[in-house]
Amino acid sequence: MTTDARAWTPAGREHPVTTPYPFSAVVGLDDLRLALLLTSVSPAVGGVLVRGEKGTAKSTVVRALASLLPPVTVVRGCRFACDPAAPDPECPDGPHPADTPAAHRPASLVELPVGATEDRVVGTLDIQRALAEGIKAYEPGLLAAAHRGVLYVDEVNLLPDHLVDLLLDAAAMGRAHVERDGVSVKHAARFLLVGTMNPEEGEPRPQLVDRFGLVVTVAAPRDARLRAEVVRRRLAYELDPAAFATRFAADEREIAARIAAARAVLPTVVLPDDELDRIARICLAYGVDGMRADIVVARCAVAMAAWHGRDRVTATDVADAARLALPHRRRTDPLDPPGTDEEKLDQALGEAERQAQEDAERQDPDGDDEPDGDGPGGGGSGPVDGPPPTGPQGGEQPSVDDSAPEEAGRGGQTAAPARPGAAFRPRTLRISARGEGGHTGKRSPAYARRGRVVGSRKPVGKLAGAPHLPATLRAALHRNAVHTGTRSTGVEPRDLREAIHVGREANLVLFVVDASGSMAARKRMTLVKTAVLSLLRDAYQRRDRIGMITFRGSDADVVLPPTSSHEVGVMRLAALRTGGRTPLAAGLRAAARTIATERRRDPRRRPLLIVVTDGRATSGPDPLQLVPALAGVASVVVDCESGPIRLGLAGRLARALGADLMPLDQLEAAAGRARPVAAADSADRSYRRAA
């Protein structure tokens with residue numbers, strides 16, 4: 001699938017490049033194409049993360065890259081794709097003699113599915129062969145299959161953290177090191193790592209995004225003519241795929257040859273000290289942490305020069321590399337929405353250029369002494385035009401009447417929503433009953449593929465987890481004693497037992513927040529938003545899905561359907577306004593419907609309901625009538641009632657729900673202790689119910 005987009009050449013000549021859509025049709029696709037080509041020239045750049053909404057050809061573009069990569073020569077019969085000219089000395093299938101037969105094949109494109117297991121990624125011991133034949137056999141994983149090719153991870157933001165760590169470590173080191181199940185294996189694993197993701201489904205952890213060399217964002221076109229062209233080409237491809245591909249076959253061969261030529265000249269490209277200093281200044285001005293950004297920009301600039309056919313890195317190469325490698329490295333808060341801050345990046349590039357000029361002037365004392373505008377009165381280092389910043393940290397705050405509703409501003413004007421305060425570390429809310437471990441996380445106890453070993457069982461079919469060797473030996477002893485009358489320890493495949501692990505799972509944390517007039521006092525709503533923000537941050541760190549329901553006036557509103565995008569939750573919380581009557585029953589009804597829908601969609605993810613209210617209900621039916629609809633749901637009621645006279649209505653609701661009652665001012669963690677919340681169907685009632 002192809003396009004007529006244009007590629008840069010040293011002489012300025014343009015030619016078409018193979019991709020699925022017209023490049024001008026999808027915003028950011030030019031950057032995506034360039035990023036993929038640069039990593040093809042120099043895999044040391046560190047791979048590409050592609051962010052974009054659904055239907056923007058992310059996966060199609062990545063799959064089109066495989067046909068552009070030069071073919072590879074491998075040792076015939078080697079499962080790890082060793083190069084005959086330089087075989088891996090630690091290859092598990094080696095050593096390979098110099099006269100080993102060679103074979104040629106296309107570069108591989110290995111796709112990692114979301115549901116892959118750790119042993120499928122890195123490989124594992126073939127337990128059944130080991131027991132049947134008595135040999136320690138290693139079964140390679142996807143990292144070995146992707147060596148010298150492309151490893152494509154779709155929906156990388158949905159992969160478990162430990163799998164992403166394995167991928168990125170292997171991509172950075174160029175080797176995979178397997179230490180598990182009694183196997184110790186090292187093998188080469190150099191590949192182009194490409195990940196795609198939809199930000200609507202949640203952001204990966206910032207430290208994981210930082211391990212990708214380049215990050216680009218794509219979006220669908222907003223021009224009707226371009227959208228029509230996309231459909232036209234898609235229909236033409238479906239009508240005759242072979243003819244459609246043949247139309248651009250010559251262009252594909254030209255691009256493949258150019259990639260091979262750039263790889264050949266890459267080691268000879270010179271990175272001058274002046275440009276290396278420029279890279280350091282840009283990274284410092286942009287405010288990135290650590291040294292990875294500097295290294296990636298330098299590698300990307302060298303690949304850029306090789307791609308353009310130059311033997312030296314120029315300032316333009318450095319600037320273009322910085323725009324691909326730096327924007328995703330500025331997130332100071334994990335819940336800040338990532339994105340390209342073009343203005344900040346332009347300022348960093350300008351600051352680096354200004355410092356370079358100043359250094360050149362200091363090294364040339366006989367140069368022109370005329371002022372350059374950066375000295376006194378020149379404005380080069382003066383304050384930025386415009387009024388000084390204002391905000392919560394910008395000086396003395398105006399006094400606020402805590403008893404005034406949030407909606408009523410001075411002079412009859414509508415006041416802005418109350419801002420949450422600084423987030424704190426909340427008590428850990430957990431479901432005490434063990435779950436089935438459908439989603440790896442860090443909240444509630446559950447049976448899992450890793451964690452503390454609590455027992456063993458006979459596997460159903462192929463071994464799914466780690467073997468439990470003591471239980472396997474006991475089963476062999478028992479079988480031999482019963483059938484042969486001996487105490488032999490000879491093990492057969494039917495004796496195999498697998499370990500049962502207990503780890504932690506991620507949950508669906510559903511917030512039901514009272515936004516009625518009873519919560520409208522500015523101070524109270526600030527405290528409530530701060531508490532919910534802290535719980536949102538905690539849910540992010542524990543890899544939970546979140547949802548948010550607010551109730552006010554006469555009905556409830558699902559302001560955030562269940563999602564993994566915690567950043568959206570923070571934005572919806574910040575925009576939350578208050579006022580009106582208190583339809584608590586409507587909020588509980590909306591919670592019951594949301595949980596029922598999510599259970600049908602994902603029955604293995606257990607919900608944790610957090611109701612933030614003072615318990616008052618001034619609109620609608622009695623909220624206790626909705627309690628049966630929430631039977632079996634682990635719940636916490638955060639009591640927001642304050643003042644010398646308290647009605648205890650939140651406690652009444654907690655007793656009806658079988659929930660834990662927690663005053664708002666006690667939500668903050670004390671001495672690092674977690675607070676468990678027992679599931680409603682659990683017999684373990686180790687915590688104290690609300691009195």
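1. Rings of Phe, Tyr and Trp (its six-membered ring) are treated as a pair if their centres lie within 6.5 Å; planes under 30 degrees apart count as stacked, over 60 as edge-to-face and the rest as tilted. By this rule, Tyr237, Phe244 and Phe248 are linked by ring pairs into a cluster. The search of the whole structure finds two aromatic pairs. In one of them, Tyr237 and Phe244 have ring centres 6.0 Å apart and planes at 75 degrees, so the pair is edge-to-face.

2. The note concerns a predicted model, in which local features need pLDDT of at least 70 and side-chain atom pairs count only at pLDDT 80 or more, while totals for chains, interfaces and linings use all residues. Residues are numbered from 1 along each chain as its sequence is written, and side-chain values use heavy atoms, with hydrogens and water left out.

3. The protein chain has 691 residues, of which 47% count as buried; buried means under 20% relative accessible area, exposed over 50%, and partly exposed in between (1.4 Å probe, protein chains only). Its secondary structure comes to 19 helices and 22 strands, where helices (H or I, at least four residues) and strands (E, at least two) are DSSP runs, numbered from the N terminus. Contact means heavy atoms within 4.5 Å. Among the contacts in the protein chain with a separation of 6 or more, 76% are between residues 24 or more positions apart.

4. Tyr237 is partly exposed, at a relative accessible area of 26%, whereas Phe244 counts as buried, at 5% relative accessibility. Elsewhere, Arg258 lies over the face of Trp307, at 3.7 Å from the ring centre; a charge sits over a ring if NZ of Lys or CZ of Arg is within 6 Å of the ring centre and within 35 degrees of the ring normal.

5. A nonpolar core is a set of buried Ala, Val, Leu, Ile, Met, Phe, Trp, Tyr and Cys residues joined through side-chain atoms within 4.5 Å. The largest such core holds 58 residues, and Leu32, Leu38, Val48, Leu214, Ile282 and Leu326 touch the most other members. Helix α12 (residues 292–307) supplies the largest share of this core, with 12 residues. Apart from this core lies another, of 37 residues, including Ala116, Val153, Met197 and Leu208. In soluble globular proteins, nonpolar side chains tend to be buried together.

6. Beyond its neighbours within four places in sequence, Leu214 is in contact with several residues, among them Ala35, Val48, Val296, Cys300 and Leu324.

7. Ser42 is placed in the loop between α1 (29–41) and β1 (48–52). Ser42 is buried, with a relative accessible area of 7%. When neighbours within four places in sequence are left aside, Ser42 is in contact with Leu266 and Ala303.

8. Two strands pair if DSSP finds at least two bridges between them. Six bridges join β13 to the antiparallel strand β15 (residues 498–505), and Tyr447 has Val502 as its bridge partner in β15.

9. Another open sheet has six strands in the order β18-β17-β16-β19-β20-β21, and its pairing is mixed. The edges are held by β18 (555–563) and β21 (660–663), each with a single partner strand, so one side of each is left without a neighbour in the sheet. Strand β17 (residues 545–552) pairs with β18 in the antiparallel sense over six bridges. Phe551 has Ala556 as its bridge partner in β18. Helix α19 (residues 649–657) lies across β19 (607–613), β20 (634–639) and β21, running at about 175 degrees to β20.

10. How many residues of strand β16 (residues 508–514) are buried? Seven of the seven are, so the strand is largely enclosed by the rest of the structure. Leu508, Leu510, Val512 and Asp514 lie on one side of β16, with Val509, Phe511 and Val513 on the other, and both faces are covered. Seven bridges join β16 to β17 in parallel, with Thr550 in β17 as the bridge partner of Val513. Six bridges join β16 to β19, also in parallel, with Val611 in β19 as the bridge partner of Val512.

Key. Axes are lines fitted to C-alpha atoms, for helices over the stretch in contact, and angles run from 0 to 180 degrees between N-to-C directions.
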